[in-house]
Amino acid sequence: MEIKKVAVIGMGTMGSQIGIVCARGGFQTAMVDVNSIQVENGMNSIRKFFKGQEKKGKIGRESSEKILSHMTSGTMIEEAVEDVDLVIEAVFEDVEVKKNIFRKLDKTSPSKTILASNTSTLWVAELAAATNRPQQCLGTHFLIPAALTPMVEVVRGPVTSDATHNTVIDFLTKCGKETVTVADFPGFVINRLYLPMVNEAFFALETSIATAEEIDRSCVKGLGFPLGPLAAADAFGLDILLACMKTFHQELGDKYRPCPLLVKLVKAGHLGRKSGQGVYSYNHK
Ligand SMILES: NC(=O)c1ccc[n+]([C@@H]2O[C@H](COP(=O)([O-])OP(=O)(O)OC[C@H]3O[C@@H](n4cnc5c(N)ncnc54)[C@H](O)[C@@H]3O)[C@@H](O)[C@H]2O)c1
């Protein structure tokens, strides 16, 4: 099957960027979120991305407008998926929320439609088992910022068919992405390696080994990271990081215990850039 139309469920940090990737690849892209405020926020962040790219001279106004013209947005999943070939789910990292979406997608999308999840750490097998088409389910793990990061991890569930896998690889390649296919296991490769290190940076901060700025500066200047781990945590959302670490802890053991400082910040509503306050403060304009 060749992908022509796509739907993206969830227009938060990742969904809005994934929508850009799909529309930029020339695919008709239907974007969905729970209410009109979330939809508007998502569309605003998409427009802001293009404005930033235009300012940097990376894209012309006409090209941005053309990409935006491939996108529609709304709150009704049923309408968005009625004639799509691929759905990419990018809602909260909560297995029950995602399973409900997969059940709904299974009922409302055409039988040919491939269902993909952008989960960071959950079992694709569990999401696929909520549907009657597990062979058409897989993970497409985009990395933040999805519109700019070259790599996507493609996660094969235990029964993902070759046809599904190959169709999605072809689609991602047309979107300009490099892919790596990995087995279904919590955190796959990238998050299995990266998130425990970010969690460890919170332990280092909690035990006052250094300030947040010094921890980040050590990693940027000493290890060549593009962004320090604490600044990166603020960018991807402390709530998402905590949800991922909880899955690791539950699935892989005590070595992956979320740092209490991370738990405390999330309980205080300090979720990072998206809430204006995380490890660092952000001026919300
Ligand atoms: N943030 C990151 O850096 C990052 C990186 C890679 C993967 N991920 C994964 O991507 C997924 C999304 O993460 P995020 O950071 O974009 O989260 P987010 O909190 O920024 O956005 C989630 C969005 O999903 C929407 N949503 C929730 N339930 C919905 C429903 N039933 N229907 C439609 N929309 C719904 C919310 O309103 C919100 O806009 C998670 O699985 C996360 O683990 C995140």
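**Ligand shell, domains and nonpolar cores**

In this predicted model, helix α1 supplies the largest share of the shell around the ligand, namely three residues. The shell numbers 25 residues, of which Gly10, Gly12, Met14, Ser120 and Phe236 come nearest to the ligand. Two or more shell residues are given by each of the elements α1 (13-24) and α5 (95-108). By class, the residues around the ligand comprise 14 nonpolar, nine polar and two charged. Both domains take part in the shell: domain 1 (5-183) and domain 2 (190-275) each provide at least three residues.

The domain assignment divides the protein into domain 1 (5-183) and domain 2 (190-275). A distance of 25 Å separates the C-alpha centres of domain 1 and domain 2. Contacts between the domains involve nine residues of domain 1 and 11 residues of domain 2. On the side of domain 1 that touches domain 2, three residues are nonpolar, three polar and three charged.

The largest nonpolar core contains 53 residues, and Val6, Ala7, Val8, Ile9, Ile18, Leu86 and Val87 touch the most other members. Helix α1 gives the most to this core, contributing six residues. A second, separate core is made up of 27 residues, among them Phe202, Ala243, Met245 and Cys259.

Within the largest core, Val87 is one of the residues that touch the most other members. With neighbours within four places in sequence left aside, Val87 is in contact with Ala7, Ile9, Val81, Leu105, Ser109, Thr113, Leu115 and Ala116.

Key: Residues are numbered from 1 along each chain as its sequence is written. This is a predicted model: local features need pLDDT of at least 70, side-chain atom pairs count only at pLDDT 80 or more; totals for chains, interfaces and linings use all residues. A residue is near a molecule or strand if its C-beta atom, placed from the backbone, lies within 6 Å of it. Helices (H or I, at least four residues) and strands (E, at least two) are DSSP runs, numbered from the N terminus. Ala, Val, Leu, Ile, Met, Phe, Trp, Tyr, Cys and Pro count as nonpolar, Asp, Glu, Lys and Arg as charged, and the others, Gly among them, as polar. Domain bounds come from an automatic or database domain assignment. Two residues are in contact if their C-beta atoms, placed from the backbone, lie within 7 Å. A nonpolar core is a set of buried Ala, Val, Leu, Ile, Met, Phe, Trp, Tyr and Cys residues joined through C-beta atoms within 7 Å. A residue is buried if 20 or more other C-beta atoms lie within 10 Å of its own, exposed if 12 or fewer, and partly exposed in between; C-beta atoms are placed from the backbone.
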